[in-house]
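Hello,

Here is the structure I said I would pass on. Please look through it first; my notes on what was found follow below.

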Amino acid sequence: MNAANTSEQLDTKEIQALDSAHFIHPFTDHGDLATRGARVITRSEGVYVWDSEGEKLFDAMSGLWCVNAGYGRQALAQAAYDQMMTLPFYNSFFQTTNVPAVKLATKLASLAPKVGDRSFEHVFFSSSGSESNDSNVRMVRRYWDLLGQPQRKVIISRHNAYHGSTMAGASLGGMSGMHAQGDLPIPNITHIEQPYFYENGKPGETADEFGIRAAGWLEEKILQIGADKVAAFIAEPIQGAGGVIIPPATYWPEIQRIVDKYGILLISDEVICAFGRLGHWFAYERFGYKPDLVTFAKAVTSGYIPLGGVMVGDRVAKVLIEKGGEFNHGYTYSGHPVACAVALANLEIMEAEQLPQRVRGEMGDYFAKRYAELNDHPLVGMTESCGFVAGLVLVKNKQTRERFKEEDAVGMICRGHCFNNGLIMRAVGDRMIIAPPLTLTHAQIDEMIALITNALDLTYADVKKNGWLA
Ligand code: PXG
């Protein structure tokens, strides 16, 4: 058998052996993987994927926060095919352009709402979220240089943020495990604490009070560095990879007040939160703040093909375009015609099926209501959701919020029960998180909640058996 030809009948063991022998996976302990063998995902339809053993899995993570329009969309395959046959590639470096890239930039500009005096007429394209955030660092530095303030170099981010895995992306991110490998962060990137009320709220403090206090950490940091040295603040509207950390309602308005007060740029990293995930095309709309740069990737094509980019707000675009001359930055695949054609077809589906409206309407309410019911489970300390992202915390004791020991890895036990019982749900420590396709029906929401409940029950039985309950 030619193992590389996936259309043939697969021998799982053979694929696993070849996988171990040749494929370096992202964020993976390969010693551990070699002993288990990777699960081979072979096909998909709607909200389900299947593995090489024929097991069906409800994909409550949309691949990796990407497949917002669901699997099996023929229109996206057709768009890619048609574009490949017409013009599979041409660069946009040397005063050339291509029609899908122009159309997509125009479309994205029309979908990004104007807020206050900020509007988005320009788009820079890359192929991923990480690249887009590298581009943000380049653009932010160029912006301040062009304005005659080259000393404004520092970008402030947050601990437990995720902004990608390149040198700049991992530096902007606040993952200590990533910083520990490779001498990161690079200079001029610094971090403040995250707005995680459940963990960092003081006794007696309301969520709204905490939101103001957490935003205040930004002002403290700005003053500590010197306001004239700060270039930008970058944040995810809701932290995704960090465990679906939803900030209190007061957080973003206070952040806006602070960035405005000191004139620093605001970067909204919406790689997870844009394209309907929170019920809007862009997430800044959901929280009502005014970013200068918006990072996107993933669901712009529903993950069918790599594409990322930055919505460049007028404040930055004007300076780069009018004062900048040539900006010495760009990628071979900036504005890739096939990726842009697929994105256009994807946005067409999202518009036709009103996916953002669905998420902020009755379907979102139903999702929130059913998800909140998981709060009644003895293992669940707290649930929270916003649009079609949700998280819950596994605890030893609901009243005292006592957590399990880190080395007991209860989240991983729960993830294992999900994975072995037809559900893909992610664990971040002891937070279990989901971000399902935006196409879910009522029946599929019910099915997903039943699958989660089953995995929680199995995990509860395990922790009880191990004597880990308080
Ligand atoms: N910003 C945010 C907010 C992200 O979530 C990136 C940037 C980087 O995008 P690329 O396309 O370069 O991967 C992301 C990616 C997880 C997980 O464990 C999340 C991401 C990637 C990999 C794993 O939840 N988000």
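Glu254 counts as buried because its relative accessibility is 14%, and the cut-off for buried is under 20%. The model is predicted, so please read this and every value below as computed from a prediction. Glu254 belongs to helix H11, which covers residues 251-262. Its side chain is also in a polar contact: the partner is the side chain of Arg257, at 2.9 Å.

Next, the ligand. Which residues come nearest to the ligand? There are 16 residues around the ligand, and the nearest are Trp65, Gly129, Ser130, Asp269 and Arg426. Two of these names come back when individual atoms are considered. For Ser130, a polar side-chain atom is 2.5 Å from an oxygen atom of the ligand. For Gly129, a polar backbone atom lies 2.9 Å from an oxygen atom of the ligand. On the nitrogen side, a polar backbone atom of Tyr162 is 3.5 Å from a nitrogen atom of the ligand.

How much of the ligand does the protein cover? On its own the ligand has 540 Å² of accessible area, and the protein covers 83% of that. Two or more residues of the shell around the ligand are given by helix H3 (62-65) and by helix H6 (129-146). The largest share is that of H6, with 3 residues. By class, the shell around the ligand holds 6 nonpolar, 6 polar and 4 charged residues.

Strand S4 accounts for the largest share of the lining, 4 residues. Sorted by class, the lining of the second largest pocket has 14 nonpolar residues, 11 polar residues and 1 charged residue.

To go through these points on the model, you could begin with Glu254 and Arg257, whose side chains make the polar contact, then turn to the ligand with Gly129 and Ser130 among its nearest residues, and end at the second largest pocket, where S4 gives the largest share of the lining.

Regards

Conventions. Residues numbered from 1 in each chain as written. Predicted model: local features only at pLDDT ≥ 70, side-chain atom pairs only at ≥ 80, totals over all residues. Heavy atoms only, no water. Near = heavy atom within 4 Å. Polar contact = N/O pair within 3.5 Å; in protein donor to acceptor, adjacent residues only side chain to side chain. Areas by Shrake-Rupley, 256 points an atom, 1.4 Å probe, with all protein chains shown as cover. Nonpolar A, V, L, I, M, F, W, Y, C, P; charged D, E, K, R; others polar. Buried < 20%, exposed > 50% of the residue type's maximum accessible area, 1.4 Å probe, protein only.
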